[in-house]
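This report describes one chain first and then the place where two chains meet. Keep the structure in view while reading.

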Amino acid sequence: MRLDKVLRHASGDRRPPGRRQRLWAGLFGAARCHPIPPVFWLLPPLLAGLPHAAHLPIWLTGVCALLWLWRLLLALTGRPLPGLWVRIVLALAAVAVVLAQFGLFIGRTGGVPLLVLLLFVKLMEADTWRHQRFALMLSYFVALSVFLHDQSLPMSLYLFAVAWLTTAALAQLQPLADADIRPHLLTAGRLLLAGTPLALALFLFFPRLPAPLWLLPSGEQAGRTGLTDTMQPGDISRLILSDAIAFRARFDGAPPEPANLYWRGPVLARFDGRTWRAMAQQGEMRVQASGLGAALRYVLTLEPHERPWIFTLGLPATLPPDTRLIAGMQLVSRRPLTQRRRIELTSHPRYRLGASDQELAEALDLPPGYNPAARALAQDWRRAEGDPRRLLERGLALFRRDFTYTLTPPPLGLNSVDDFLFSTRRGFCEHYASAFVFLMRAAGVPARVVTGYLGGEVNPVDGHLVVRQSDAHAWAEVWLPDAGWVQIDPTASVAPARVERGLAAALPSAEVPPVLAGLHRPWLRELRQAWEALNNGWNQWVLGYNLERQLRLLSGLSPHLVAYAWQLSIAILLAGLAVMAWLAWAGGRARVRDPAARIYARFTARLARLGLERMASEGPLVFAERVTQTRPDLAPAVGEISALYARARYAEDPTALDALAQAVRRFHPRRSIASGTSDARPVGR
Amino acid sequence: MTAAATAGEPLRPPFDRVLAQIEGVVLGKPRQIRLALTCLLARGHLLIEDLPGVGKTTLAHALAHSLGLEFTRIQFTSDLLPGDILGFSVFEQASGAFRFHPGPIFAQVVLADEINRATPKAQSALLEAMDEGQVSLEGVTRRLPEPFFVLATQNPFTQAGVYPLPESQLDRFLMRLSLGYPDPAAERALLAGENRRPQALAPVLTPAELIEAQASVDLVRLAPALLDYLQALIEHTRAPGRFLHGLSPRAGLALARSARAWAWLHDRDYVVPEDVQAVFPFVAGHRLQDAEGMSGGDAAAQAVLAAVAIP
């Protein structure tokens, strides 16, 4: 090609490509032709906004989705974006609507919806790379704000992927960049991998704060499953339908037998005929309790249940920080457990627990009038036996006779204990505990209901004992003058398998709830165990990595690290500043190279892959001519790019620089001349 | 051949017509004609080194007539005196005063034929006038006309009876080029054709237009990237042992000016590396001597071009 053609080509007036071609290119964003910019950058905002849909009102999600679809359609058809006034109205409407719905912009409830909505409004004005890059930066932030709701491992992985795609989209929106997304995905992947060690180092060594800088408002306290401070017939049988994890325990050494794992929770002593309620006395425990025998050491990781109870095996030997032991030997946290909490415990499974007069009086109190038959039966026993232990035996023996352990007991009437004992005889642990305690009280033995969890399952993957809501249990505690409070589990008389082998083994097979039934398949069980172990590891080591653990890690590395923490911090800070200064300096040096020259280098690199290497002393136009002689099919593209480069570099024409960037993005020469046409041939010629 | 790339480009009008017209009388030498026009536009002087009879004089005539410039010719001989070039004062009886008779140098295009046949004294008279653009004689300074373009020819050194121009004086010529024998086709056309008289050429543009063109050459953009390139080229010639002397700053200026003029002539208002490469052999060739003191010429210049990367 003659040079005059080359040069004329630079100012070329190409006809705009047809709509169909643009649509095709937009949809498949391939290297074939790029009459419109790729739409890949629209993906990360969508993916970043997606997890918020679970927490946003449905109409807000719908508005965001509509905005996104509208923007996608405009991008694919190449139509202009809405005008300035439309965008201003959209933005103001977004602010007004969020203000009306949520009131405040601050925090998770109002700020996040506003942020998400504005991101999608921002898309409507993102017609240039600058705006699109801004939208992508905002996507990072929106993705980050998902952590305010969900910090689980799957969500973290998802958000990591979003960060990856966002970075790739950002890489694509650069003047030098390839139109094809694949190399940018690679680049972004490499960047993330390269950043990982730094992120890890910061995670491990960046000073942890003893408390969060700000308290996250927690809106969703309702709806969490778990034990409460009341119990009615049917409460626990509903609770055990959930296989959500209540807490995990890791023992020093092997965990005790399942039958001994009575995790003590709320103690319920007040009875109104139907509902059991917490003890009236909630102050610090005054009565002395003493441990008998060896103590168990274990670490609990409690899932948030919005209540203060910490489930222990017997009597805590020492009080963990921020907890207290209240009447009834209940270990409670000073604040409700709204976040996952890790607690190290030492406790005596065998203990002797005394009682105050008030406690004993409460443990004998029965509402007058209810359950006359049970009352009469207990008084019969009482007349026959003087020894409380004999009374216990009678009570338990009663349950051994034709009672059925079932999840689906028939409904009980006003006199629930009577109905249960004398007509239905079908019940779940709360029925047995409740009826037993009633009988004991009627017979004059102080008794109360203790709720908590029984058993648990050791996950072989990480050795943690996992206790689920389905392990919820209720049992009884009776007062024996010579032994103090003694734990009695009436359920064990009805269904010994429940205590020894767990719920699924104790129930009739037709009644096993689906959450438990599936676990009979070994592979499913193993999968779940592995998954839960992974989650637990995440919770323990990532989410649970607090100041205390950090200090322990540091002192594990070297005892001096903690002693010289300040000096070290300053040294690390200075080193970081030095590295940043060096990077800025090196980056500044790299930037000296002309942008046009950098783009042109890409072009020559692509030709070099075809064996057409530019000599260092070869001017761009001479090189173009040489290439054209070898590959006449590339003449238009090569001519255009070379002429644009000459203009951009030597006439320092900024419009030529943009056109050059575009032209080089389009330039993907085929290796063989035999294929006839070239990808680089501009569309519409 | 690196300069070939820009050799086919069309010229900026009306120089395309000038080129076409001169090509009609100087057959098969488009490149040399372009270089001669470049030299003229760059306000430089041209040295043509070649055998007698290859069309040097014809080129000079054709240039002068096409551009509407007045033309004189000085045949340099061994007995030529400075006065024969510059002119001299004669006492006039009628006025009773000396009156200056301007020499042949007072013309817009001066053909200094066989400049190396004259003695250095005569040569330097010409070269000083070329450099200064004025003639100082008997205490009076007289400006030379504008545009002022000296087209000197010289015979190859191998011929007998020549006084080679010293380097300092070679440096005053912006370019040196040789015409060479015509290629067979051109030669045949020459032999077969009618008498081509350059004197018959009609002027294409006026001297004023030429001056204007020279002024606009100065506005051609020389990007920093090209300054880097020029410096790299000059630096390369100055490396120890490569040449007897490296290119002087004046040579650098000449190179920049020539590249600008070449770019302008080829209808571009910015210089590309190809422009520098097109003029470099002719601007640098006569200024570079190899270590033995022999003129480096075209080959040396090409070697420099091939060795220096374009930044």
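## Chain A

In this predicted model, 71% of the contacts in chain A with a separation of 6 or more are made by residues 24 or more positions apart. Chain A contains 27 helices and 20 strands.

Chain A has 685 residues, and 48% of them count as buried. Its accessible surface is about 33,400 Å². Carbon and sulfur atoms hold 62% of that surface.

## Extent of the interface

The size of an interface is often given as the accessible area lost when the parts come together. Between chain B and chain A, the buried area is about 1,700 Å². Carbon and sulfur atoms give 59% of this area. Chain B contributes 24 residues to the contact, and chain A contributes 19 residues.

## Pairs across the interface

How many salt bridges are counted between chain B and chain A? The count is 1. The partners are A:E652 and B:R221, whose closest N and O atoms lie 2.8 Å apart. A salt bridge requires a side-chain nitrogen of Lys or Arg within 4 Å of a carboxyl oxygen of Asp or Glu, so this pair qualifies.

Across the interface of chain B and chain A there are also 6 residue pairs in polar contact, with both residues at pLDDT 80 or more.

## The chain B side

On the side of chain B that touches chain A, the elements giving two or more residues are α1 (4–7), α10 (224–238), α12 (273–284) and α13 (297–307) of chain B. Sorted by class, this side has 16 nonpolar, 4 polar and 4 charged residues.

Technical notes. Residues numbered from 1 in each chain as written. Chains lettered and ligands numbered in written order. Predicted model: local features only at pLDDT ≥ 70, side-chain atom pairs only at ≥ 80, totals over all residues. Heavy atoms only, no water. Contact = heavy atoms within 4.5 Å. Buried area = accessible area lost by both parts, 1.4 Å probe. Polar contact = N/O pair within 3.5 Å; in protein donor to acceptor, adjacent residues only side chain to side chain. Helix = DSSP H or I, 4+ residues; strand = E, 2+ residues; numbered from the N terminus. Nonpolar A, V, L, I, M, F, W, Y, C, P; charged D, E, K, R; others polar. Buried < 20%, exposed > 50% of the residue type's maximum accessible area, 1.4 Å probe, protein only. Areas by Shrake-Rupley, 256 points an atom, 1.4 Å probe, with all protein chains shown as cover.
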